[in-house]
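Please look through the structure shown here with an eye to its fold, one of its pockets and a few of its side chains. The questions that come after it are meant to be worked through step by step.

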Amino acid sequence: IIFGSLFVMVVGLVMELVIIRHFYGRPDEDQLLVTFGIGICLVELVRLGFGSQSLTVPPPSIFAGITSLGFMYYPTYRLALVGIVAVALLALFLVLYRTRLGMIVRAGIEDSVMVASLGINVYRVFAIVFGIGAMAAGFAGIVNAPVVSLTPDMGEAILVQTFVVVVIG
């Protein structure tokens with residue numbers, strides 16, 4: 001989990017430095033379209049490297065099996081997943097609302113010119129946040145792997161809903 005999350009974070013940092021950074025001054029639609037295009041390219045690269053076969057990942061042996069909730073039986077891994085996600089969300093909340101980095105990120109979102117005038121490299125902060133976001137996405141994919149079958153285009157099932165959330169947010 002740690003290696004996979006860190007690997008995806010490095011990939012995200014490289015993408016931000018090489019491609020995304022050049023779209024910060026452009027309209028939001030351009031940024032949305034370039035990330036959509038990168039997603040398509042990544043899916044095809046994965047398909048080229050690993051094929052199109054779907055794979056299954058078994059849950060860790062400690063979470064294998066089912067648990068009786070009294071009124072129903074439920075997979076133990078899915079119950080553990082609720083706790084894993086709660087801890088991950090708490091960690092992200094603490095980073096955003098209890099650290100200096102979080103304060104700079106929130107200020108940079110509101111007024112990046114003012115933050116830059118205070119001597120803070122806003123683009124470096126944005127790159128770090130992009131890397132953290134990529135790491136969170138990689139972590140989510142890894143912990144979700146035992147629940148769904150893995151295919152190169154597995155993220156496309158939720159892509160439209162994700163863009164709606166981004167646009168509304």
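The questions and answers below concern a predicted model.

Q: Which element gives the most residues to the lining of the second largest pocket?
A: The second largest pocket, with a volume of about 360 Å³, is lined by 16 residues, of which Ala 88, Leu 92, Met 135, Ala 136 and Phe 139 lie nearest its centre. The elements that give two or more residues to this lining are helix 1 (2-18), helix 3 (76-98) and helix 6 (122-144). With seven residues, the element that gives the most is helix 6.

Q: How many residues in the lining of the second largest pocket are charged, and how many are polar or nonpolar?
A: The lining of the second largest pocket consists of 16 residues. Divided by residue type, this lining holds 15 nonpolar, one polar and no charged.

Q: Is Ser 5 buried or exposed, and what is its relative accessible area?
A: Ser 5 lies in helix 1, and beyond the residues up to four places away in sequence it touches Met 135, Gly 138, Phe 139 and Ile 142. Since buried means under 20% relative accessible area, Ser 5 counts as buried, with a value of 6%.

Q: How are the rings of Phe 3 and Phe 7 arranged, stacked or edge-to-face?
A: A search of the whole structure finds five aromatic pairs, and in one of them the rings of Phe 3 and Phe 7 have their centres 6.5 Å apart and their planes at 25°. The two residues are four apart in helix 1 and therefore separated by about one helical turn, while Phe 3 itself is exposed, with a relative accessible area of 69%. Because planes under 30 degrees apart fall in that class, the pair formed by Phe 3 and Phe 7 is stacked.

Q: Which residues is Val 147 in contact with, leaving aside its neighbours within four places in sequence?
A: Val 147 is found in the loop between helix 6 and helix 7 (159-168), where it is partly exposed, with a relative accessible area of 27%. Leaving aside its neighbours within four places in sequence, the residues in contact with Val 147 are Tyr 77, Arg 78 and Leu 81.

Q: Is Thr 76 buried or exposed?
A: Thr 76 has its place in helix 3, and apart from neighbours within four places in sequence it is in contact with Phe 63, Ala 64, Gly 65, Ile 66 and Thr 67. Its relative accessible area is 16%, and because the cut-off for this class is under 20%, Thr 76 is buried.

Terms used
Residues are numbered from 1 along each chain as its sequence is written. This is a predicted model: local features need pLDDT of at least 70, side-chain atom pairs count only at pLDDT 80 or more; totals for chains, interfaces and linings use all residues. Side-chain values use heavy atoms; hydrogens and water are left out. On a 1 Å grid over the protein atoms alone, a cavity is a set of points where a 1.4 Å probe fits but cannot get out, and a pocket is an open set with protein on both sides within 12 Å along at least five of seven lines; lining residues have an atom within 4 Å of a point. Grid points are joined across faces, edges and corners, and a volume is the space filled by probe spheres set on the points. Ala, Val, Leu, Ile, Met, Phe, Trp, Tyr, Cys and Pro count as nonpolar, Asp, Glu, Lys and Arg as charged, and the others, Gly among them, as polar. Buried means under 20% relative accessible area, exposed over 50%, partly exposed in between (1.4 Å probe, protein chains only). Contact means heavy atoms within 4.5 Å. Rings of Phe, Tyr and Trp (its six-membered ring) pair if their centres lie within 6.5 Å; planes under 30 degrees apart count as stacked, over 60 as edge-to-face and the rest as tilted.
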